Amino acid sequence: MCIRLNSLVFLLFVCARLISVPTEAIAADKQVFKDEAGEVLYTIDENGIVSMFENSPGTDITLSVTRGTREQMQPQITEVTPNTVAAGTYTVLKLEGKNLVGARVKLNLPMIEVGGYAGKPKRLDVPVTVPLSQPPGEVAIEVTTPIGSTTAKFTITDVQIGGGGSPPVKDIVTHPAGAISTKAPVSCPPGMVGIASEGGGFCIEVERSFSGDFRKAELSCAISGKRLCMLSEWKRACEQAAAGRLPLKNMKGEWEWTAGFDILQDDTQQDTRYYLMGKSDCETQHGSMRINAEKFVGRCCKNP
């Protein structure tokens, strides 16, 4: 019995060493780069070897460590999805590549609003809000880490205005980015359920998962690899829950954030009005101006 207990203690010690970052080792490095919360992102030792740390959000656990020369650890972007975004829309740009921990994103068009995001080693999900007045054209993306920078691009297209009436529901709809299934996703992450939709099936969280202003709402979803629900998605989920077809909780009773918005402009200023749903029914909308920084609850959605 004692031998087994000693073996178990030794195994736990080994596992702890594998997932933790030794303070002594970091202190000995030549350069240490941390995020706003004080978590170590990169270190550079006396031989010029760069270490990139992927940390579990909100904890002191290191999920992975990648090492290489400064040249090898430069950030890289190999794909941007979607590569076209219509004016007057909100979407999440998925930047695929490598060495993206702690990356910062800057667009060459400051009028395009960038939401909260959290970089992972090989992926960066960046919410963007494109003004209705934004003319078509190419947008340059600059991605920077403490080790270096790289660039990518996507294209703004004309405003897309839907025709009257609802189109017949099909199992597959075509889209510039490819075929999209309208069926409910077969598999969703824990705590989420799948919903069929004419705009493409999606997953939605069963329960509200955050509270805060719009920036906090975006970041809360982005950190877990999700996004804010489109207004139409939230409405459909609410209707399905009200009909007893989905086990969603608390869809009514408080205003919930959605990704719906419009731009209000007068002779002196321009501001964004974000839309919330759910106070009393599945239809009524409430507008919250960006400058007010109001706090509400919300839940996230995710593409299959």
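**Figure 1. Glutamate 96 in its pairing with arginine 123.** With a relative accessibility of 26%, glutamate 96 counts as partly exposed, a class that lies between buried (under 20% relative accessible area) and exposed (over 50%), as judged with a 1.4 Å probe and protein chains only. This is a predicted model, in which local features need pLDDT of at least 70 and side-chain atom pairs count only at pLDDT 80 or more, whereas totals for chains, interfaces and linings use all residues. Residues are numbered from 1 along each chain as its sequence is written, and side-chain values use heavy atoms, with hydrogens and water left out. The side chain of glutamate 96 meets that of arginine 123 in a salt bridge at 3.8 Å, N to O, the term being used for a side-chain nitrogen of Lys or Arg within 4 Å of a carboxyl oxygen of Asp or Glu. The pair joins distant parts of the chain, with arginine 123 in strand E10 (residues 123–129) and glutamate 96 in strand E7 (residues 90–98), 27 residues apart. Helices (H or I, at least four residues) and strands (E, at least two) are DSSP runs numbered from the N terminus. Arginine 123, at 29% relative accessibility, also counts as partly exposed.

**Figure 2. The salt bridge of glutamate 256 and arginine 299.** The closest N and O atoms of glutamate 256 and arginine 299 are 2.7 Å apart. This pair connects distant parts of the chain, since 43 residues separate glutamate 256, in strand E19 (residues 256–265), from arginine 299, in the loop between strand E22 (296–298) and strand E23 (300–302). Glutamate 256 and arginine 299 are both buried, and they belong to a network of salt bridges that also includes Arg208 and Glu254.

**Figure 3. The salt bridge of arginine 227 and glutamate 233.** The side chains of arginine 227 and glutamate 233 come together at 2.9 Å, N to O, and both residues are buried. A search of the whole structure finds 11 salt bridges.

**Figure 4. Glutamate 218 in helix H3.** Glutamate 218 is found in H3, which spans residues 214–223, and although buried, glutamate 218 has no salt bridge, the nearest side chain of opposite charge being that of arginine 215, 4.6 Å away. For charge, Lys and Arg count as positive and Asp and Glu as negative, while His and the chain ends are not counted. Neighbours within four places in sequence aside, glutamate 218 is in contact (heavy atoms within 4.5 Å) with Tyr90, Gly115, Gly116, Pro127 and Leu228.

**Figure 5. The buried residues of H3 and the surroundings of valine 114.** In H3, Phe214, Ala217, Glu218, Cys221 and Ala222 are buried. These residues cover an arc of only 125° around the axis, which puts them on the same side of H3, the arc being that of the directions from the helix axis to the C-beta atoms. An α-helix has 3.6 residues a turn, so residues three or four places apart point the same way. Just after H3, glycine 225 takes a positive phi of about 75°. Valine 114, in strand E9 (residues 113–114), touches Leu107, Val126, Pro127, Val128 and Arg215, residues up to four places away in sequence not being counted. Valine 114 and tyrosine 90 are 24 residues apart in sequence and 9.9 Å apart in space, C-alpha to C-alpha.
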